[in-house]
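Me: I would like to learn how to read a strand and an interface. Can you walk me through a case?

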Amino acid sequence: MEIIKLTEQNLEESIAKAVEVLKAGGTVIYPTETCYGIGVDATNQVAVDKVYDYKGFRGQKPFSMAVTSKEMAAKYVEINDIADNLYKNYLPGPVTVVSNAKPNSGIATGVVSQWGSIGIRIPDHKIPVMLVEKLGKPMTSTSANVSYKPVPYSIESFLKNTPKKSQKYLDLILDYGELPKNVPSTVLDTTMNSLQVLREGKIEFENAIKKSKLYKQVETKDPEETISFAKEIADHFITNHDNGALVFALSGELGAGKTQFSKGVGEYLKVEDIVNSPTYTIINEYKYNDNGIDRVLVHMDTWRISDVKEFNRSGLQEYLEKSDIILIEWADKYFNDLEQMVKSIGGKIVKINFEYLSQTERKISVYESN
Amino acid sequence: MKAIKKETKFEPIIIGIDTSCDETSIAVSKGRKILSNIRTTQIDLHKKFGGVVPDISRRAHEENIEGVYREALRKAKIEENDIEYIAVTYGPGLAIDLEVGINFAKELAIKLNKPFVPVNHMEGHLTSALALNSKGNGDVLDVVLDNMFPALALLMSGKHTEIVYVKNIGDYKKLGQTLDDAAGEAFDKVGRMLNFGYPGGPIVSEFAKRGELGKISLPIPMEKSNDLNFSYSGLKTACLYKIKELRESNIPEKEWIYDFCRSFVESITRSVEIKLLKALEQNSDIKSVLVGGGVFSSEFILRRVLKLVNDYGLDMFYPTKEIRSDNGAMICIAGYFNIIRNNYLTDIKQIQVLERNPRLSL
């Protein structure tokens, strides 16, 4: 084990030496913006296994790896839209982004998790950046302490807390003095996240609106006015509806008043339960009494539905067949599919658009088919 | 004086099935002891099980249920014939999802000729804190269970935010609930505004840990309302406007995002503290507090609520991390309490006609 005290003068030469150690499958202790880390070539399985032996028991927790750019990361992992946003806005910095490894990424097991994912950092510190640049490969990025020992901010305390038998795993230490005590990086798993909630169906919806007739447009001052307006709209369309399902297709940004409007329709039908957001359930049913007959008001939200397949098997069709009154939030997301479904079964769609005017005021436009 | 009779402990093997949410989850318990608890996404993708590779797309219950079931039995080290009761969620949830679990449970109950226990998913969250580990350890041992009611239950998940008066297990009165979005939903929707995708809530929670309080101001929902209901739509709109303002200010996102997330988490936490305290003050007979639901995966919120309850002088019981978000283990626990109350079906005809109830409530 060799210890080099880093100075401005010996920096280049010390980095070159450390890179030789890494290339030979050795371990290097290096400073980062959070704490001292232990690095090996992340593509070298023998070297990564050595870090596992050194750290001691840590369950199935994989090591992260450091790269210097998003482009470099993209060689090894699939960067989805969420990860892309994190790289753009928050890296370099104390954030570890977990993505799915590409097939044959060449990264060692233990850096690649049992789930096939890799945690990646772009350090906000010149030393690890220089090491990775010179190595030309990713380097493991995990705190230098053995498991259950304190996170090291100075080499002195690090050596004091590292048992002698563990120290034999250490090849080179780059001593950069006492580091500021920053909290460890935040690990963000993006592998299960999808941006599909963003799916823009707006154009389909807007085209449908263009072909429709504006029935009524109002500006409401607060949620209460939105609820009153909903009652008025419900009264008009429900009273004048003869048969088949009646669908209120609602479109508008988060918080634009779609759920408030739905509350109004619920109140009009004298639903006893509290009508609230169906985002998580996807479809809520509310019982109401229609001149002595028990019926169901259906309240749907497509926000979390990720594809047409899921939309088609949501159970909406069954409700349409039963000729229920159906409210659909984010109806613009699958509007063409919705329109086709309603057409084939027989029913009417009322399109309602919500726009923000201010924090409390909204513009609500109601359209019916020609 | 009544003689204290030492009873033989009633610890049947229960299988708990939940398909009311995004993931298929099945667990095995021995009484209140959880022997295994498997969710679709926990299954090792590298190790195929029973020839089935799980479909990790959301809500692919039909495709996954058999595999999750086999894995739950394997982890619990039991055979199918060891099962004594079959508990399953029959509401609330999406009808089409619930049916997958119910049909699977019906077939199993009929095949094994064992009782069928329909469970309310919300009763699952409510009783999740009463689970014990496989060795029988936990906070709520039998002696505690005998003396903790009436209790208040605070349930917070993606779908629900409610306060329930629990006179005893099985005897509930809802005191308050959300009028619009659930707390977990507000997390994910704000996560979406910040381009964290779905579910973005966990990223908001993580970022909040790096943030400082008091840098960005957001409203505290329902601070002044006198009832025990919650509402998060106003906070959602306030966040939308605040994010827009911050983005237009041209300050790099990484300079405000942590503080913003910190303030958001504070607003949610404060709203919960205010309502819970009100509920405690209005119900002086309360002996303990139970919490459950995925929002408590945030240790921050859990610790704050715990502190409030302890400062009030009461014990609070909460589930271990693995059974906070939707899971099958809590269905075993709620199932167990239903079995004790003789709430189960043995008649094949009755089992066959049991229907899902998407709007089931406590």
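**Reading strands and an interface**

Reply: Gladly. Note that this model is predicted. Start with a pair: B:I86 stands opposite B:F116 in strand 5 of chain B. The path from strand 4 of chain B to strand 5 of chain B passes through helix 2 (residues 95–112) of chain B, and this β-α-β crossover is right-handed.

Me: How many bridges join strand 4 to strand 5 of chain B?

Reply: Five, and the two strands run parallel. Strand 4 of chain B covers residues 85–91.

Me: Which way do the residues of strand 5 of chain B point?

Reply: In a regular strand, side chains alternate between the two faces of the sheet. Here B:F116, B:P118 and B:N120 point one way, and B:V117 and B:V119 the other.

Me: Is strand 5 of chain B enclosed or open?

Reply: Largely enclosed by the rest of the structure, because five of its five residues (116–120) are buried.

Me: Why does B:A153 count as buried?

Reply: The cut-off is 20 or more C-beta atoms within 10 Å. B:A153 has 27 such neighbours, so it counts as buried. B:A153 sits in strand 6 (residues 151–156) of chain B. Beyond four places in sequence, B:A153 is in contact with B:L126, B:V164, B:V166 and B:L290.

Me: How many residues does each chain bring to the contact between chains A and B?

Reply: Interface size is often given as the accessible area lost when the parts come together. Here we count residues: 38 from chain A and 43 from chain B. On the side of chain A, helix 4 gives the largest share, five residues. By class, that side has 14 nonpolar, 19 polar and five charged residues.

Technical notes. Residues are numbered from 1 along each chain as its sequence is written. Chains are lettered from A and ligands numbered from 1 in the order in which they are written. This is a predicted model: local features need pLDDT of at least 70, side-chain atom pairs count only at pLDDT 80 or more; totals for chains, interfaces and linings use all residues. A residue is buried if 20 or more other C-beta atoms lie within 10 Å of its own, exposed if 12 or fewer, and partly exposed in between; C-beta atoms are placed from the backbone. Helices (H or I, at least four residues) and strands (E, at least two) are DSSP runs, numbered from the N terminus. Two strands pair if DSSP finds at least two bridges between them. A crossover is right-handed if, with the strands pointing away from the viewer, the path from the first strand over the helix to the second runs clockwise. Two residues are in contact if their C-beta atoms, placed from the backbone, lie within 7 Å. Ala, Val, Leu, Ile, Met, Phe, Trp, Tyr, Cys and Pro count as nonpolar, Asp, Glu, Lys and Arg as charged, and the others, Gly among them, as polar.
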